[in-house]
Amino acid sequence: MIARTTVLRRSSRLALVLAALIVTAACGPPANPGSLAAAADLSGQTYVVGSKDFDEQLVLCEITVAALEEAGASVTDRCDLGSTDETRQALLDGDISMYWEYTGTAWASFMREPERIPDADVLAQVRQRDLADNDIVWLRPGGFNNTYAFAVAGGPAAALQLNTISDMLAYLRSDQPGTICVEPEYHSREDGLRGLQRLYEAEIPPDRVQVIGENLIYQSTADQVCLFGEVYSTDGRILQFGLKVLEDDRNYHVTYTPVPTLRRDAYDRAPEVARVLDPLSAALDYPTILELNSQVSAGYESPRDVARAWLATHGFISRV
């Protein structure tokens, strides 16, 4: 049995960390141009930074590596670790110090919560529970949402006045030509196409649905092989192919906001690490991440080069 004094000490420290995080989230430093070396001195600190295995995660990882190095830390790059489960386990096991995770993933997958609650409440719940249960600290969230979406080529979107998912569903139930392309997983999941039709109270005729591989959807939508395509909202190929993302006007899709997550022992050693990472979260809005992802996904530039060029251009680091 743990001694009562140990429990009280742990509870007190947990309360202090939570209080510090609330202040950080509400009053984090703005992303004004200026070297991150001035934000905090992390000399003598060591971090292992990891990520999942897709382009956006690689960009976020390389941004973090460069930012920590600018502040004087010694950093090991473990970008491109693998799947969500592999990367999360590496954090829990202490193989890495930090990586960017998404609120929707933590809520639905890690905490197995089926209920939809407001986005701000999701972050607050995830932040508190992950700290208490797993000693994982969630810092300031980024300013974009990488979720499921539907897109249409720019020409048809303008000509047919397609702006929302409601517009898309009304069109698919009309006599006008055109199909919707979705990947197999979205087609089969209850919280995929079936759930979408239930919430929007609109059944798509089966002959208007094409199930194809995710990597084929972007080009097929641009070429109007399918009029509508299921996409990921921050995928760089949206810019590459000039696609328009339709508004989810009934808020069906879960929000996936990215947040730097780190082990509490790494945070406790130098809480000022938040002063280095918070400005990055503030600066990473939707147009920014879409452009950075596009440079990697469509421009075939390395995530490291894209990350460092962006940081240098905005004055976060002194040189590429």
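Biologist: Which element gives the largest share of the lining of the largest pocket?

Modeller: This is a predicted model, and its largest pocket is lined by 49 residues. The elements that give two or more residues to that lining are H2, H3 (84–93), H4 (103–110), H5 (119–134), H9 (190–200), H10 and H14. The largest share, six residues, comes from helix H4.

Biologist: What volume does the largest pocket have?

Modeller: The residues nearest the centre of this pocket are Thr 105, Asn 146, Tyr 148, Tyr 232 and Tyr 256. By class, its lining holds 16 nonpolar, 16 polar and 17 charged residues. The volume of the largest pocket is about 1400 Å³.

Biologist: Which element gives the most to the lining of the second largest pocket?

Modeller: The second largest pocket has a volume of about 210 Å³. Of the 15 residues that line it, Asn 145, Thr 147, Tyr 148, Asp 248 and His 253 are the closest to its centre. The lining divides into eight nonpolar, six polar and one charged residue. With three residues, the element that gives the most is strand E5.

Biologist: In what order do the five strands of the open sheet lie?

Modeller: The pairing in this open sheet is mixed. Its edge strands, each of which pairs on one side only, are E7 (209–211) and E9 (243–245). From one strand to the next, the twist averages 35 degrees. The order of the strands is E7-E6-E8-E5-E9.

Biologist: Which residue of E8 is the bridge partner of Phe 150?

Modeller: Strand E5 covers residues 148–153 and strand E8 covers residues 228–232. These two strands run antiparallel and are joined by five bridges. The partner of Phe 150 in E8 is Glu 230.

Biologist: What angle does the direction of helix H10 make with that of E8?

Modeller: Helix H10 spans residues 214–222 and packs on the sheet. There it touches E5, E6 (180–182), E8 and E9. The angle between its direction and that of E8 is about 135 degrees.

Biologist: How are H2 and H14 oriented to each other?

Modeller: The axes of helix H2 (residues 55–70) and helix H14 (residues 286–297) come within 9 Å. They cross at roughly 110 degrees. An angle of 65 to 115 degrees counts as roughly perpendicular, and H2 and H14 are therefore roughly perpendicular.

Biologist: Which residues of H14 make the contact with H2?

Modeller: By class, this contact has six nonpolar, two polar and two charged residues. On the side of H2, the contact is made by Asp 55, Glu 56, Val 59, Leu 60 and Ile 63. On the side of H14, the residues are Ile 289, Leu 292, Asn 293, Val 296 and Ser 297.

Notes:
Residues numbered from 1 in each chain as written. Predicted model: local features only at pLDDT ≥ 70, side-chain atom pairs only at ≥ 80, totals over all residues. Heavy atoms only, no water. Pairing = 2+ DSSP bridges. Helix = DSSP H or I, 4+ residues; strand = E, 2+ residues; numbered from the N terminus. Axes fitted to C-alpha atoms, helices over the stretch in contact; angles between N-to-C directions. Contact = heavy atoms within 4.5 Å. Parallel < 35°, antiparallel > 145°, perpendicular 65-115°, else oblique. Nonpolar A, V, L, I, M, F, W, Y, C, P; charged D, E, K, R; others polar. 1 Å grid on protein atoms, 1.4 Å probe; cavity = no way out; pocket = protein on both sides within 12 Å on 5 of 7 lines; lining within 4 Å. Points joined across faces, edges and corners; volume = space filled by probe spheres on them.
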